[in-house]
Every structure is written in structure tokens, then in C-alpha cells.
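Student: I would like to go through this structure with you. Could we begin with how the helices pack?

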Amino acid sequence: MAERSAEPHVRLDAGQTLEQAVETCCPVVELRQYTLKPGRRDDLIALFEEYFIEGQEKYGARIIGQFRNRTNPDQFIWLRGFADMEARRQALQGFYYGPIWQEHRTAANDTIIDSDNVLLLKPARAASSFRLDPADRPAMDAPEVAGGIIVATVYAFDAPVDEQFVDFFAKDEAPVLRGAGATLLGQFVTEPGENTFPALPVREGEHVFVWLASFADDAAYAAYRSALTESQAWITSLVPTLQAWLSKPEEVLELVPGRRSLLRHC
């Protein structure tokens, strides 16, 4: 913030079809990992959920979700989407030079040590992005409701991710993950376009494949991990294949959705 496919439950309005209610989001996605000052995460989340969701969406961004890292008390992670790179530029310029950020930026920045750990992504395939109903976001005064656990896994490569790997994930890895209990939410690769808002840095020169899954609770996630360790397909085939493909060990982010996060387990 500092300047520098599972189908969800859908509520339909009168006369609205399922396809009208649920949108595929988004052609451009930012995965943003913030390192915060010790003990300040809840302060930032309170600001974020009161001011920075609708405050950004009025300029054309989609705030997909905001999360606590369940294994790191001083990390805040969030996802933001855009229609395209030019829409990203316009939305960020509108928000960061607009009145809401100008009023609250000092308080927000005071909680943050580093906000430059940002992956700029695009869907690996047209059908592999998030499917969301914007009406599902809890209201400003909604009570806290458990949103399950969201797990984001980052695979790093020495070169741009090709169709061969995307096929491998879809045909070989995804069925095993689902069989172990994962609800797959989306798969993404690096967006290679130039950063259209350089005041906010992104990680450049990297090639990643990111997949996200959700679980109902801690027990469901533990059962999934146990199932993978007992899966012969996972241990004897998929893990060695992944290790041969990846340039470094995978990064796994275990996330707890914030009270108003749109992305959560369904």
C-alpha cells in the first residue's frame, strides 16, 4: 500500500441470471505481501476494511481479498484485480492521488516496514481466474464469520511458464489436489507487461505460476496435507516432476481471510 475453480454460493437479484451475478476476476491480479511493524497488523486491517476497499473500487480496481498470514503475525497479504494494465494505471492514479488515500496514508504507512513484495499476474488460462460475486462481500458492519483457509502456492521458473506446464497442472496435479480435499480457486502466471504505475514497485524479471485453494478450517487443511503425504501419485510422480521443473522450492502462503474479504472458502 505504501507509495513507492470452485464455484461460490451466489445470491441472485430479481431477474438476474447466475452468469450475470458471478464475474470472472480478473485479467490482471496483484498478489501483495506486506511486512508490518510488530503488533500493527490489526491496525492496518481496520483501516483497510473501513476505507480502502470501496475507496479503491470506486476507481475501477477489484479488491479480491485481504488476509492474515496464519504462520507470520507481522505479515498482511492482499489481492487486487484490474480489467487490464491501462485500467490498473488509471485506478491506482485515481486512488493514490485521491482524497481517501491522502487522508489515511500516514496512518497506513506507519504500520508498514515493506510493501514492495508484489507479484503482477494474469490468469494462466481464460477459465482459471477467480469466479466471484461482488455482492458476497460482507457489509461494513457485518459480524466476523469464519472464511476458512486460503492457500496460495508460488512456483518459480527460470523462464516464462509455458503451456506444457499449465497442461501438466490441469491434467495431472489438479486432480490429485482436489482428491486430497482442496477447493481450487484460480491459477495465474506472471504478467509480463511493463509496470504501468511505477510509484508502486513490483517484482520484475521473475517467472511464476501461482495457484490458490481453499479449505473449510484447520482440520480440513490438516487432512488435505495428510492425504498428500499418503498419495503415491503425489510422492512418486508429481513431486519429482515439480522439482525438475522449478528453479527453487515452492513458496506456500497460508492465509486467513479478513472479515470483509471477498475471497473465502465456500
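Predicted model: local features only at pLDDT ≥ 70, side-chain atom pairs only at ≥ 80, totals over all residues.

Student: Which residues in H6 and H7 meet?

Tutor: From H6 there are Val 176, Leu 177 and Ala 180, and they meet Ala 223, Tyr 224, Ala 227 and Leu 228 in H7. By class, the residues of this contact divide into 7 nonpolar, no polar and no charged.

Student: Why give both an angle and a distance for packed helices?

Tutor: Two packed helices are described by the angle between their axes together with the distance between those axes.

Student: And at what angle do H6 and H8 cross?

Tutor: The axes of H6 and helix H8 (residues 232-245) cross at roughly 155° and come within 11 Å. H6 is therefore roughly antiparallel to H8. The crossing in which H6 passes H8 is left-handed.

Student: What residues make up the contact of H6 with H8?

Tutor: On the H6 side they are Gln 164, Phe 165, Phe 168, Asp 172, Glu 173, Val 176 and Leu 177. On the H8 side they are Ala 233, Trp 234, Leu 238, Thr 241, Leu 242 and Trp 245. This contact divides into 9 nonpolar, 2 polar and 2 charged residues. Val 176 and Leu 177 of H6 meet residues in H8, and they also meet residues in H7.

Student: Moving to H2 and H5: how do their axes cross?

Tutor: Helix H2 (residues 41-52) and helix H5 (residues 99-109) have axes that come within 11 Å and cross at roughly 175°. That makes H2 roughly antiparallel to H5. Leu 44, Leu 47, Tyr 51 and Phe 52 in H2 meet Ile 100, Trp 101, His 104, Ala 107 and Ala 108 in H5. The residues of that contact divide into 8 nonpolar, 1 polar and no charged.

Student: Let us turn to the strands. In what order do they close into a barrel?

Tutor: The barrel is closed by 8 strands in the order S2-S4-S3-S10-S7-S9-S8-S5, with antiparallel pairing. From one strand to the next, the twist averages 35°. Helix H4 (residues 85-96) packs on the sheet, where it touches strand S2 (28-36), strand S4 (75-82) and strand S5 (112-123). The direction of H4 makes about 125° with that of S4.

Student: How many bridges does S10 have with S3?

Tutor: Strand S10 (residues 251-257) pairs with strand S3 (residues 62-69) over 3 bridges, in the antiparallel sense. Within this pairing, Arg 68 stands opposite Val 256 in S10, and Phe 67 has Pro 257 as its bridge partner in S10.

Student: What about S7 and S10, how many bridges there?

Tutor: Strand S7 (residues 149-157) and S10 pair over 5 bridges, again in the antiparallel sense. Thr 153 has Val 252 as its bridge partner in S10.

Student: And S5, which residues there are bridge partners of Leu 36 and which residue in S8 partners Lys 122?

Tutor: Leu 36 is partnered by Ile 112 in S5; S2 and S5 pair in the antiparallel sense over 7 bridges. Lys 122 has Val 189 in S8 as its bridge partner. S5 is joined to strand S8 (residues 183-190) by 3 bridges, and these strands run antiparallel.

Student: A change of topic: how many disulfides does the structure hold?

Tutor: There is 1 disulfide in the structure, and it joins Cys 25 to Cys 26 with an S to S distance of 1.7 Å. The angle about the S-S bond is -60°, and the link of Cys 25 and Cys 26 is left-handed.

Student: Is the peptide bond that joins Cys 25 and Cys 26 cis or trans?

Tutor: Cys 25 and Cys 26 are joined by a cis peptide bond, with omega about 5°. For context, most peptide bonds are trans.

Student: Where does Cys 26 lie?

Tutor: Cys 26 lies in the loop between strand S1 (23-25) and S2.

Technical notes. Residues numbered from 1 in each chain as written. Heavy atoms only, no water. Pairing = 2+ DSSP bridges. Helix = DSSP H or I, 4+ residues; strand = E, 2+ residues; numbered from the N terminus. Axes fitted to C-alpha atoms, helices over the stretch in contact; angles between N-to-C directions. Parallel < 35°, antiparallel > 145°, perpendicular 65-115°, else oblique. Left-handed = near helix turned anticlockwise from the far one by under 90°. Contact = heavy atoms within 4.5 Å. Nonpolar A, V, L, I, M, F, W, Y, C, P; charged D, E, K, R; others polar. Disulfide = S-S within 2.5 Å.
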